[in-house]
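I opened the notebook to go through one model, entry by entry.

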Amino acid sequence: MAQMLAKDSDLARQICALSRQRVLPHAVILSGAGDRLSAARFLAAAMVCRDERERPCLACGPCRKVAQEIHPDVHIVQDTERRELSVDSVRELRKDVYIYPNEGEQKVYIFADCQQLNERDQNVLLKIVEEGPPYAAFIFCTESTATLLPTIRSRCVELKLRQEDAQQESEQVAALCKALAGAELLPVASFLVALENQKPKREQVQQLLQDTWRIAAQALAAQCGGAAASASAEHLSRSLNRRQLQRLTELLKKYSMECNYNVGAGHILGAVCAEWEEIL
Ligand SMILES: [Zn+2]
């Protein structure tokens with residue numbers, strides 16, 4: 001049996017909460033120090049698990065196959081002999097991704113060590129992450145996201161192995177979380193208008209939404225019985241109800257992904273505000 005992330009870790013709770021709410025992203029960067037591969041297996045199991053209540057259950061057939069590394073739809077991509085992946089293995093993958101999953105509804109590719117992905121590989125993968133079939137999911141394991149091209153990073157949601165590392169939230173993220181925890185329209189609207197007046201770049205808005213997404217997801221995990229990973233997450237988990245938090249998580253994810261398209265930052269901020277009003 002291969003190692004699996006401990007079920008009582010913060011990251012495991014976060015993954016369980018996301019999968020319970022059916023909001024697991026299809027492209028994830030697992031970063032930070034520690035056993036990233038065991039975390040990737042856990043996440044992959046959550047994606048292919050058949051249990052109705054708890055995913056991953058670690059007991060059903062698909063979960064057990066992931067743990068034994070024999071699941072036909074979960075591929076660990078790595079080259080243990082060479083420093084970089086061969087051109088052929090990336091080409092192979094590009095073909096393989098369009099073949100329907102054997103058993104489940106998802107097909108998962110785990111990149112065990114992103115340092116093995118050179119720029120050319122990453123550009124090929126970028127296209128697949130962006131335009132690949134809806135059943136394909138990608139997990140990039142890396143100690144630091146600096147090994148990945150910004151274009152790849154912007155299409156993935158980053159989950160950190162150690163929540164202590166995730167504490168460095170910016171003042172802006174903390175301010176947005178505080179406004180959201182007010183569970184009213186006005187504080188959030190004023191925050192977004194003030195931000196828009198600063199004419200932020202789309203990448204900055206994306207970073208803000210993505211960081212806030214992660215905190216909202218942690219808050220959701222905390223409501224599902226986990227320990228809150230940060231003060232902001234705890235505040236949100238106490239101030240918003242389950243439905244609001246779930247919809248907020250979906251909204252932040254949706255608009256951080258929309259930042260990949262050529263839309264103005266102002267347009268995105270306006271849309272976030274309008275949807276927030278609907279959630280209340
Ligand atoms: Zn299972």
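I set the cut-offs before anything else: a residue is buried under 20% relative accessible area, exposed over 50%, and partly exposed in between. I also noted that this is a predicted model.

**Entry: A183.** I looked up where A183 sits. A183 is in the loop between α7 (171–181) and α8 (185–197). Is A183 buried, partly exposed or exposed? Its relative accessibility is 27%, so I logged A183 as partly exposed. Then I checked the backbone. Phi of A183 is near 55 degrees, a positive value in a residue other than glycine. I wrote a reminder beside that value: most residues other than glycine have a negative phi.

**Entry: the loop between α2 and α3.** I went to L58 next. L58 belongs to the loop between α2 and α3. Its phi is positive too, near 65 degrees, and L58 is not a glycine. With a relative accessible area of 32%, L58 is partly exposed. P56 is placed in the loop between α2 (36–48) and α3 (61–67). The peptide bond from R55 to P56 is cis, its omega near 0 degrees. Most peptide bonds are trans.

**Entry: the zinc site.** Which atoms coordinate the zinc ion? I found the SG atoms of C49, C57, C60 and C63, at 2.3 Å. The donor residues follow the spacing C-x7-C-x2-C-x2-C in sequence. C49 and C60 both lie in the loop between α2 and α3, so this pair ties together parts eleven residues apart in sequence. I then looked at the geometry. The four donor atoms subtend angles of 104 to 119 degrees at the zinc ion, so the arrangement is tetrahedral. For reference, the ideal angle for four tetrahedral donors is 109.5 degrees. C49 is buried, at 5% relative accessible area. C60 also counts as buried, at 16%.

**Entry: the two domains.** I took the bounds from the domain assignment: domain 1 (10–166) and domain 2 (169–279). The centres of domain 1 and domain 2, over C-alpha atoms, are 25 Å apart. I looked up the contacts between them. In domain 1, 20 residues touch 21 residues of domain 2. How much area is buried between domain 1 and domain 2? I noted about 1700 Å², with 56% given by carbon and sulfur atoms. Last, I searched for salt bridges across this interface and logged zero.

Technical notes: Residues numbered from 1 in each chain as written. Predicted model: local features only at pLDDT ≥ 70, side-chain atom pairs only at ≥ 80, totals over all residues. Heavy atoms only, no water. Helix = DSSP H or I, 4+ residues; strand = E, 2+ residues; numbered from the N terminus. Buried < 20%, exposed > 50% of the residue type's maximum accessible area, 1.4 Å probe, protein only. Donors = N, O, S within 2.8 Å, 3.2 Å for Na, K, Ca; no water. Tetrahedral: all angles 85-135°; square planar, octahedral: opposite > 155°, others 65-115°. Domains from an automatic or database assignment. Contact = heavy atoms within 4.5 Å. Buried area = accessible area lost by both parts, 1.4 Å probe. Salt bridge = Lys/Arg side-chain N within 4 Å of Asp/Glu carboxyl O.
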